[in-house]
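User: Can you walk me through this model? I'd like to start with one residue and its contacts, then move on.

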Amino acid sequence: MSTGSGRRGCFPARWPQLGALSAARWSALLSGERAAALPTAFALEVLANGVSYMAGPALVSVLGAAGRPGAGVLLAAALVVGGGLALATQRRTMPPLTGHAERRHAARALLRSAFLRQAALGLALGVFFGAMQVSVAAYAVERGTPDAAALLYFAFNCTNLVGGWAYGAWRRGDSPRRHQAAAAACLTLASLPLTILDAPLAVGATLALTGLAVPVLLILTSALTESSVPRAVLTQAFTWGNSASAAGIAGAAAVSGRVVDTGGAHAASVWLRGPRWR
């Protein structure tokens, strides 16, 4: 999604979007005079997601190697259910309820360009994530070193954490939209070499550079979504953005798989040029 933000794939049709619910709670807690702290809160969410995506697969792999593959699935399900229930019981952080008439009137904001731009960026980031997962795996397999894919993902995830931490700790003084445009441009430029590079170290270094820009975009997408719609439909807006990201991941993964089959890993890397944003 979140981000994951951009990386949400579990229980899409049967489970509430916990990232959207969490973001809405942060927005309710840090309103008014404390609104300046929202990017830091969203950065914390990105960091938590990044740690989960690094620790989760490693833990499940250990359980699988120990001869208990089913235990990994049960553990993941228990964490999702337990975390969701724990979030639901936190009454103090729940956003205030609004009436049906107010929500209906506020829903018009979901069709305005300010919000649709953020949803479109979520879709673009989803395309990036979906294509990256397929093309990196295909690259490693084509070289005859499938285990190298884990190291490449590790490099990307490590710089994700660094980028999220650095932006969350930074005292911002410029327009968030300018930051977003700059981060999108950096991601696009950093992704271009992946269409031609072949040496593993060069590919890993390039993926690490893209990892610095991605969390900044995730943080700013949440922050600008929060500022572009009324609070009556804020949770709905977050779910739209998350759903757009999930759709991008699914679509890009499917198309990238087809492209890899016909043109190889470098052909799939064309998708990794990143979102273009003005």
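This is a predicted model: local features need pLDDT of at least 70, side-chain atom pairs count only at pLDDT 80 or more; totals for chains, interfaces and linings use all residues.

User: Where does Val229 stand in the largest nonpolar core?

Analyst: That core has 47 residues, and Leu207 and Val229 touch the most other members.

User: Which helices each supply at least two residues of that core?

Analyst: Seven entries to list: H1 (18-29), H2 (38-65), H5 (113-142), H6 (148-169), H7 (176-191), H8 (200-228) and H9 (234-263). In soluble globular proteins, nonpolar side chains tend to be buried together.

User: Stepping back, how many helices and strands are in the chain?

Analyst: Ten helices and zero strands. From the N terminus on, the order is α-α-α-α-α-α-α-α-α-α.

User: What share of the chain is buried?

Analyst: Buried residues make up 40% of the 278 residues.

User: And the accessible surface, what does that come to?

Analyst: About 14300 Å² for the chain. Carbon and sulfur atoms account for 66% of that surface.

User: Back to H5. What span should its 30 residues have, and how far apart are its ends?

Analyst: At 1.5 Å a residue, H5 should span 44 Å. Its end C-alpha atoms are 42 Å apart, so the two values agree.

User: What about the glycine that follows H5?

Analyst: That is glycine 144, and its phi is positive, near 80°.

User: How many residues line the second largest pocket, and which lie nearest its centre?

Analyst: The lining has 23 residues. Nearest the centre are Ala24, Met94, Pro95, Leu97 and Thr235.

User: Which helix gives the largest share of that lining?

Analyst: H1, with five residues. H1, helix H3 (69-88) and H9 each supply at least two residues of the lining.

User: One last residue. Where is alanine 205 found?

Analyst: Alanine 205 is in helix H8.

User: Why does alanine 205 count as partly exposed?

Analyst: Because its relative accessibility is 43%.

User: How far is alanine 205 from leucine 152, in sequence and in space?

Analyst: They are 53 residues apart in sequence. In space, the C-alpha to C-alpha distance is 8.7 Å.

Technical notes:
Residues are numbered from 1 along each chain as its sequence is written. Side-chain values use heavy atoms; hydrogens and water are left out. A nonpolar core is a set of buried Ala, Val, Leu, Ile, Met, Phe, Trp, Tyr and Cys residues joined through side-chain atoms within 4.5 Å. Buried means under 20% relative accessible area, exposed over 50%, partly exposed in between (1.4 Å probe, protein chains only). Helices (H or I, at least four residues) and strands (E, at least two) are DSSP runs, numbered from the N terminus. Accessible areas come from the Shrake-Rupley method with a 1.4 Å probe; for residues, only the protein chains shown count as cover. The expected span of a helix is 1.5 Å times one less than its number of residues. On a 1 Å grid over the protein atoms alone, a cavity is a set of points where a 1.4 Å probe fits but cannot get out, and a pocket is an open set with protein on both sides within 12 Å along at least five of seven lines; lining residues have an atom within 4 Å of a point.
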